[in-house]
Amino acid sequence: MDSSPGSGAPKARTPNPAERDRNGAVPPSGPTAQPNGSTPGADQQYQSGPANKRKRMQERHQARRRGRTPPPSIYSRRNRSRSPSNATPRDDYSRRSRSPLQRRSPEPEEQPKQRKRPGGGARAGLLNPEQLRRRQEERERAMEEDAMRTSRDRGVSDVVRQHYNAVPERGREWRKTESKIKGLRSFNNWIKSTLIQKFSPDEEFAARFNDTKDWADDSTRPNPVEDKQLLVLDLGCGKGGDLGKWQLAPQKVELYVGLDPANISIEQARDRYGQMRSRGGGGRGRRPPTALFHAEFATKDCFGESLADVNIIQRVGIDPNAGPGGSLMASRWGGGGFDVVTSMFAIHYAFESEEKARQMLSNVAGCLKKGGRFIGVCPNSDVITGKVSTFHKNRKEQEAAKPAETEGPEDGEVEEEERCGWGNDIYSVRFPGDTPENGVFRPPFGWKYTYFMSEAVEGVPEYVVPWEAFRALTEDYNLELQYRKPFLEIWEDEKNDRELGPLSERMGVRDRSTGELLMTEEEKDAVSFYHAFCFYKV
Ligand SMILES: C[S@@+](CC[C@H](N)C(=O)[O-])C[C@H]1O[C@@H](n2cnc3c(N)ncnc32)[C@H](O)[C@@H]1O
């Protein structure tokens, strides 16, 4: 499976839906497209030629050609990397990024129509007492259902929040040496770094360093001061584990905003950022130390609520109505002010209901500027579908092989139905309820399972993110799929990249002498549950 487009053709045309591969990604077009799954042999390790780098650059920005830079407007947030004023970073976002779209007063046609005679409408359609009683009952029933739904939703959210709040912050040293799953932790971190390296830079930055310049080498860098810097929003940032990765992003980050409903995690993220600050930001890989970005954190449910009331989000810019029925003006000009929205290991919490999944996408699209990137990782529904359908197949075979039951269960005896689940010593997935026999999750929301990961996740409810339904939904929010790949395929594709290969050694992902992944078979099995994605706001 190869979902990575790799067009080196100067004029990319817009592919029609039939041309998409089965992941819905835009297929390669043009003479330099890479063949599927081509992994260089050991003798090609750490290719230093331009081919590898070109591939990385080509994978990004392929779909973006569709969503070319909008014409300049008073709403434009481009060319804002250096403020001419002496404004502090906070003032700066506020001054330049306020979204006028959000504050717009309604257009005349949007204003509610004035009634000629107040109350006249109600008198025209008088209801008899029976109808009134029925209406009242309906209203009460709807309110009751609403309250039940809210309390059920809050129940799950509270469990998730309390769980993450309770996970101890054990420190880097422990995670690197003592942890039973240190190989898996390092690998997941490398995957996230890889996504950040590949997809966080904007088209302009990537084009500047494409094939000719190496952003990692300051001696060849024209004038870093002139680089436009990134505004990044992290939904479900947890304890701030990705702050260091953003400090190493090829295109410098100006502002990082971390949101998460777990208040203790947010405090820990703030502390972590404070420690980075006190160390002076640290070096950027092979580059000399560079100033640390500004960061802000807030406790926020990013999937159940709109982000429009978060102060820093307002100051950077948000279109609060992104999605179907949103303002044409807002979507034309992008609406949001962020260059990148990221959500790592979190969007599965949004698939509890269609309402939440849409709210999550509205937040993502509303915060992104046109051309912005939405990058993330989540459980791969293809894996879940495979496991569920195999479970049902085996169950049926076993049933068919069993001799016919002569007696039913005895009085008081309850026959326990077998539920679908799998895993190993370090992770497990268990469905508490029925699962579809063919493994296809329809409707695509609310398919709850319990996830366990040694040292990290203690039986927390999560929801299947049926990939095709998710991708179809993203179209309503002007998000176009650019990349989707299972974790182990990303490893095969990128392990010999001239930046990402050595990074994997520094991060303890692979053995320096053998080149092998430093993960047990159980850890490999656990990471194969996930895939990564990147969408562009068009
Ligand atoms: C597995 S952790 C991942 C944390 C971090 N992104 C990382 O990669 O290390 C999942 C995170 O999703 C967060 N989360 C759960 N529900 C959320 C919601 N409704 N909005 C935002 N984040 C949520 C949890 O609080 C938790 O911090």
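Which strands form an open sheet with antiparallel pairing, and in what order? In this predicted model, 4 strands do so, in the order β6-β7-β8-β9. β6 (421-423) and β9 (457-463) stand at the edges. Each has a single partner strand, so one side of each is left without a neighbour in the sheet. The twist averages 15 degrees from one strand to the next. Inside the sheet, β7 (residues 427-430) and β8 (residues 448-453) pair over 4 bridges. Tyr 427 has its bridge partner in β8, namely Met 453.

A further open sheet has 7 strands. Their order is β3-β2-β1-β4-β5-β11-β10, and the pairing is mixed. The edge strands are β3 (294-299) and β10, each pairing on one side only. Neighbouring strands are turned against each other by 15 degrees on average, direction ignored.

Both senses of pairing can be followed along this order. Strands of a sheet pair through backbone hydrogen bonds, either parallel or antiparallel. β4 and β5 run parallel and are joined by 6 bridges. One of the residue pairs here is Phe 338 with Leu 368, the latter in β5. β10 and β11 run antiparallel, with 7 bridges between them. There Glu 480 has Tyr 536 of β11 as its bridge partner.

Helix α13 packs on this sheet. It touches β1 (230-235), β4 (338-344), β5 (368-379), β10 and β11. The direction of α13 makes about 140 degrees with that of β5. How many of the residues of β5 are buried? The count is 12 of the 12, so β5 is largely enclosed by the rest of the structure.

Next comes helix α15 (residues 467-475). Its buried residues are Trp 467, Ala 469, Phe 470, Leu 473 and Thr 474. Seen down the axis of α15, they fall within an arc of 165 degrees, so they line one face of the helix. An α-helix has 3.6 residues a turn, so residues three or four places apart point the same way.

Technical notes. Residues are numbered from 1 along each chain as its sequence is written. This is a predicted model: local features need pLDDT of at least 70, side-chain atom pairs count only at pLDDT 80 or more; totals for chains, interfaces and linings use all residues. A residue is buried if 20 or more other C-beta atoms lie within 10 Å of its own, exposed if 12 or fewer, and partly exposed in between; C-beta atoms are placed from the backbone. Helices (H or I, at least four residues) and strands (E, at least two) are DSSP runs, numbered from the N terminus. The arc is that of the directions from the helix axis to the C-beta atoms. Two strands pair if DSSP finds at least two bridges between them. Axes are lines fitted to C-alpha atoms, for helices over the stretch in contact, and angles run from 0 to 180 degrees between N-to-C directions. Two residues are in contact if their C-beta atoms, placed from the backbone, lie within 7 Å.
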